[in-house]
Amino acid sequence: MYDEPSIHDVTAEEAPRRRPRSRRAAAVAALAAAALFIAACEKPPYQIVFPVAGTSNYSDTFGAPRGSSTHEGQDIFGAKGQPLIAAADGTITWMRWGTGVRSGNLLQLTDDTGWYYYYIHLNNDTPGTDDGANRYDQAFADGISIGQRVKAGEVIGYLGDSGDAELTTPHLHFEIHKPGGAVINPYGALLEARRFERTPEQRVAASPAGAAEAFVLNPDGTVRITGWAIDAVRNDPVRVSAYIGGNLIATSTAGFERTDLAPRGRGTRHGYTFASVGARGGGPVPKGAEMCVVAHSIEGGGSARIGCSTAPK
Ligand SMILES: [Zn+2]
């Protein structure tokens, strides 16, 4: 669904590997370690929020050998499904929903000054299994899609083992890049990160209001969904996404004229229509599938499921 980036590719990540080390290699490693110590002192110009909620552990493996390259991030080990947290206010600038590549499910968060963060190996399994079902809403938090603004401390995804982490302990591979692209060792920033997760009350207060008023089956087995959505703060049209069976299938904007919404005092251009939403990869909606609409907050902080229904069996 999401394409590879054209300007910069994400750092390739490979499972840890042990290799015999020569004396020369040891000397090179010592020099590299000294350079890394200096690199570890580099940090974004603000305190980041720790990217994993709850109990986790990590040690400094930046620069460790990974096949033909070196480890360009830190691996933060935890349990599958543990919430991943936005390290800073910013925008989701790239995502991959797909596990056929080494880094698996991933997202890129870019702050307003150009520093960016990669979150790699997001969850691809049904809770309690290793089935690789890769439901969108079990990898990424509701409302997370390219272009979405998020606030520091907001849940943006879930820890997992997708990509070549399948054979390792579930972990988040976390990278920090400077504006322009140079990677830094995130270790120092992680040590000094604050632990913070926005509360459910904060999320609800930032979430749009709205409804999915009608789910109508089309002759071809897809569904037409109509409704409305209004941002919690602004009167501009908000983005809405249709989820079928937990997978984000289509994104639209709630900007159609709806004069019946005038009494709310927030303007009338808040209606939306999904004309034809089907299964992941196309075709009719699967029988009995859960169908939901998520409304995205414009400034970040929380998105809401504004209506759900179940496809006929
Ligand atoms: Zn890693």
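Glutamate 257 stands opposite arginine 269, which lies in strand 17. That pairing is a handy way into this predicted model, in which local features need pLDDT of at least 70 and side-chain atom pairs count only at pLDDT 80 or more, while totals for chains, interfaces and linings use all residues. Residues are numbered from 1 along each chain as its sequence is written.

**The chain as a whole**

- The protein chain has four helices and 19 strands; helices (H or I, at least four residues) and strands (E, at least two) are DSSP runs, numbered from the N terminus.
- Of its 313 residues, 44% count as buried, meaning that 20 or more other C-beta atoms lie within 10 Å of a residue's own, with C-beta atoms placed from the backbone (12 or fewer is exposed, and in between is partly exposed).
- Among contacts with a separation of 6 or more, 67% come from residues 24 or more positions apart; a contact is a pair of residues whose C-beta atoms, placed from the backbone, lie within 7 Å.

- The mean pLDDT of the protein chain is 90, and 88% of its residues reach 70 or more; pLDDT is the predictor's confidence in each residue, from 0 to 100.
- Over residues 1-19, pLDDT stays under 50, and the model has 36 contacts beyond four places in sequence for this stretch.
- Where pLDDT is low, the predicted coordinates should not be read in detail.

**The sheet with glutamate 257**

- Four strands make an open sheet in the order 12-13-17-16, with antiparallel pairing; two strands pair if DSSP finds at least two bridges between them.
- Strand 12 (209-217) and strand 16 (256-257) are at the edges with a single partner strand each, so one side of each has no neighbour in the sheet.
- Two bridges join strand 16 to strand 17 (residues 269-277) in the antiparallel sense.

- Another open sheet of four strands has the order 15-14-18-19, and its pairing is antiparallel.
- Its edges are strand 15 (247-254) and strand 19 (304-310), each with a single partner strand, so one side of each is left without a neighbour in the sheet.
- From one strand to the next, the twist averages 20 degrees, with axes as lines fitted to C-alpha atoms and angles running from 0 to 180 degrees between N-to-C directions.

**Strand 14 and its partners**

- Strand 14 (residues 238-244) pairs with strand 15 over seven bridges, in the antiparallel sense.
- The two form a hairpin with two residues between them, and glycine 245 in the turn has a positive phi of about 60 degrees.
- Isoleucine 244 has asparagine 247 of strand 15 as its bridge partner, while arginine 239 stands opposite threonine 253.
- Strand 18 (residues 290-295) runs antiparallel to strand 14 and is joined to it by five bridges; there, alanine 295 is the bridge partner of valine 240.
- Seven of the seven residues of strand 14 are buried, so the strand is largely enclosed by the rest of the structure.
- Val238, Val240, Ala242 and Ile244 point one way from strand 14, and Arg239, Ser241 and Tyr243 point the other way.

**A buried leucine**

- Leucine 107 is found in strand 6 (residues 106-110) and is buried, with 29 other C-beta atoms within 10 Å.
- Not counting residues up to four places away in sequence, leucine 107 touches Ile92, Trp94, Met95, Tyr119, Phe140, Ile144, Ile156 and Gly157.
- Leucine 107 and tyrosine 119 are twelve residues apart in sequence and 5.3 Å apart in space, C-alpha to C-alpha.

Terms used
Two residues are in contact if their C-beta atoms, placed from the backbone, lie within 7 Å.
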